[in-house]
Amino acid sequence: MTQTRGRSRIVRTVLIVVMVLAIAVLGLVVAILVPILTHQSAGGSGQQIASEPTAEVSATGADGRERTLRVENGNGALANVASLEAGEELVVQGTGFDSQMGIYVAICAIPESPDEKPGPCLGGVPSGAKDGGAAGEEGLASVWITDDWAWRAFATHGYADSEKGTFTARITVPDPVGDELDCRTTRCAVTTRSDHTAASDRVQDLIAPVEFQE
């Protein structure tokens, strides 16, 4: 009888632990999904896209924030974005971004309309981003910047100054021809765009047109 009661207590304890863990996991899932599903677009970025390659652009978005995107070479000077070469390293700096929203930085096709997100993009999702191994990686063709507690461990970078919305990211220029995009025949740019937690929000989109060496 004593052994039976002991087993019953163990079973009850295990069930309680399992229930607590299940509730905790459910709470975490809800905390992650609800902000994504309920996100309201802040509007457009307000940028007038340049017709020629340019290494520095700025615009005041519908949220009133003035954002600037600057593309430099490794020496701190503006990069020659009119003649990019695969393997070249670019230093991408941004200011004025909303640190409450994560962004992807990559070379992407310039959209036909400001209501459309830039893409497709060269480089794809940062290597290691799906399993938390992207942070601190070098030589990436695209980067993911976020301060969100639920995703920070998977991103490559956080914002350098969350209040000012600044970041610095290094990307390695990929081959201009990807699986879905050929930047030799399609207009492309170094771009920022909202990450998957606010995928339909265009307010963080900045576009610095580039061209590749022939």
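Colleague: Which residues does Ala169 touch, not counting residues up to four places away in sequence?

Modeller: Contact means heavy atoms within 4.5 Å, and by that rule Ala169 touches Leu90, Val91, Val92, Val143, Ile145 and His157. This is a predicted model, in which local features need pLDDT of at least 70 and side-chain atom pairs count only at pLDDT 80 or more, while totals for chains, interfaces and linings use all residues. Residues are numbered from 1 along each chain as its sequence is written, and side-chain values use heavy atoms, with hydrogens and water left out.

Colleague: Where does Ala169 lie, and why is Ala169 called buried?

Modeller: Ala169 lies in strand 6, where a strand is a DSSP run of E with at least two residues, numbered from the N terminus. Buried means under 20% relative accessible area, whereas exposed means over 50% and partly exposed lies in between, with a 1.4 Å probe and protein chains only. Ala169 has a relative accessibility of 1%, so Ala169 counts as buried.

Colleague: What makes a set of residues a nonpolar core, and which residues of the largest nonpolar core touch the most other members?

Modeller: A nonpolar core is a set of buried Ala, Val, Leu, Ile, Met, Phe, Trp, Tyr and Cys residues joined through side-chain atoms within 4.5 Å. The largest one here has 31 residues, and those touching the most other members are Val71, Leu90, Ile107, Ile145, Phe167 and Val190. Two or more residues each come from strand 1 (56-60), strand 2 (66-72), strand 3 (89-95), strand 4, strand 5, strand 6 (167-172), strand 7 (188-194) and strand 8 (206-210). Strand 4 gives the most, with 4 residues. As for Val190, leaving out residues up to four places away in sequence, its contacts include Leu69, Val71, Leu90, Ile107 and Val210. In soluble globular proteins, nonpolar side chains tend to be buried together.

Colleague: How do you know that strand 4 and strand 5 are paired, and how many bridges join them?

Modeller: Two strands pair if DSSP finds at least two bridges between them. Strand 4 and strand 5 are joined by 3 bridges and run antiparallel, and Tyr104 has Trp144 in strand 5 as its bridge partner. Strand 2 and strand 3 are also antiparallel, with 5 bridges, and Thr68 stands opposite Thr95 in strand 3. Strand 3 pairs with strand 6 over 6 bridges in the antiparallel sense, with Glu89 opposite Thr172 in strand 6.

Colleague: In what order do the 4 strands of the open sheet stand, and what makes strand 5 and strand 8 its edges?

Modeller: The order is 5-4-7-8, with antiparallel pairing. Strand 5 and strand 8 each have a single partner strand, so one side of each is left without a neighbour in the sheet.

Colleague: Why is the pair of Phe97 and Phe167 called edge-to-face?

Modeller: Rings of Phe, Tyr and Trp (its six-membered ring) pair if their centres lie within 6.5 Å, and planes under 30 degrees apart count as stacked, over 60 as edge-to-face and the rest as tilted. The centres of Phe97 and Phe167 are 5.3 Å apart and their planes stand at 70 degrees, so this pair is edge-to-face. Phe97 is in the loop between strand 3 and strand 4 and Phe167 is in strand 6, 70 residues apart, so that the pair links distant parts of the chain. Phe97 is buried at 0% relative accessible area, and Phe167 is buried at 2%. Trp144 and Trp151, by contrast, are a tilted pair, 6.2 Å centre to centre with 45 degrees between the planes. Tyr104, Trp144 and Trp151 form one aromatic cluster.

Colleague: What makes the disulfide of Cys183 and Cys188 left-handed?

Modeller: The torsion about their S-S bond is about -90 degrees, so the disulfide is left-handed. The distance from S to S is 2.1 Å, and both Cys183 and Cys188 are buried.

Key
Disulfide = S-S within 2.5 Å.
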